[in-house]
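Please read the following note with the sequence and the three-dimensional structure side by side. The points are numbered so that each may be checked in turn.

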Amino acid sequence: MNSFDSTFTILVPILAILMPILVISLIVYSSVKQKRYNDSQPRLNVQAKIIGKRTKVTGSDHARTHYYITFQLNTNDRIELELNGEEYGMLVEGDMGELIFQGNRYLGFKRLNM
């Protein structure tokens, strides 16, 4: 066995262990960083109008649907937030009301009574 073969034989199992650990670590780091960002942002209640809705399906064997709504704020800024399917189904494009959010975390929408 030459030195390349012995190096390869040792290196492959080490990489097979380290790569999943690295990927999982990056996912956890990203999630913690996003949570800290949202927690550091002020909780805002603003007047907004729903101007768009969309879904995104991820995965193949165990598909998961992500629900997004685009809001136009009273400042004319737009923000797209992810929310659960139940709330997504209750909101309609054109609805106006009070959007409650923190960072990019959706907290609620109170429709105006018209």
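**Note on the predicted model**

1. The largest nonpolar core has 15 residues, and Phe71, Leu99 and Tyr106 touch the most other members. A nonpolar core is here a set of buried Ala, Val, Leu, Ile, Met, Phe, Trp, Tyr and Cys residues joined through side-chain atoms within 4.5 Å. Buried means a relative accessible area under 20%, exposed means over 50%, and partly exposed lies in between (1.4 Å probe, protein chains only). Two or more residues of this core come from each of β1 (43-58), β2 (64-73), β3 (78-83), β4 (96-102) and β5 (105-111). Helices (H or I, at least four residues) and strands (E, at least two) are DSSP runs, numbered from the N terminus. As a general rule, nonpolar side chains in soluble globular proteins tend to be buried together.

2. On the basis of the note: this is a predicted model, in which local features need pLDDT of at least 70 and side-chain atom pairs count only at pLDDT 80 or more, while totals for chains, interfaces and linings use all residues. Residues are numbered from 1 along each chain as its sequence is written, and side-chain values use heavy atoms, with hydrogens and water left out.

3. Glycine 97 has arginine 111 of β5 as its bridge partner, and glutamine 102 stands opposite arginine 105 in β5. The hairpin of β4 and β5 has two residues between the strands, and glycine 103 takes a positive phi near 65° there.

4. Leucine 99 belongs to strand β4. Is leucine 99 buried or exposed? Leucine 99 is buried, its relative accessible area being 0%. Beyond its neighbours within four places in sequence, leucine 99 is in contact (heavy atoms within 4.5 Å) with residues including Leu44, Val46, Phe71, Ile79, Tyr106 and Phe109. The C-alpha atoms of leucine 99 and lysine 110 are 6.6 Å apart, although eleven residues separate the two along the chain.

5. Glutamine 102 is also a residue of strand β4. Its relative accessible area is 15%, so glutamine 102 counts as buried. A polar atom of the glutamine 102 side chain lies 3.0 Å from the backbone oxygen of glutamine 41. With neighbours within four places in sequence set aside, the contacts of glutamine 102 are Asn38, Asp39, Gln41, Pro42, Arg43 and Leu107.

6. Four salt bridges are counted in the model, a salt bridge being a side-chain nitrogen of Lys or Arg within 4 Å of a carboxyl oxygen of Asp or Glu. One of them joins the side chains of aspartate 39 and lysine 35, at 2.7 Å from N to O. Aspartate 39 and lysine 35 are about one helical turn apart, because they are four residues apart in helix α1 (residues 3-40). Lysine 35 is partly exposed at 49% relative accessible area, and aspartate 39 is partly exposed at 39%.

7. Aspartate 39 also forms a salt bridge with arginine 105, with the closest N and O atoms 3.0 Å apart. Because arginine 105 lies in strand β5 and aspartate 39 in helix α1, this pair ties together parts that are 66 residues apart in sequence. Arginine 105 is partly exposed, with 24% relative accessibility.

8. A further salt bridge links aspartate 95 and arginine 111, whose closest N and O atoms are 2.9 Å apart. Aspartate 95 lies in the loop between α2 (85-90) and β4, and arginine 111 lies in strand β5, so the pair ties together parts that are 16 residues apart in sequence. Aspartate 95 is buried at 13% relative accessible area, whereas arginine 111 is partly exposed at 41%.

Notes: A polar contact is a pair of N or O atoms within 3.5 Å; within protein, one must be able to donate a hydrogen and the other to accept it, and residues adjacent in sequence count only if both atoms are side-chain atoms. Two strands pair if DSSP finds at least two bridges between them.
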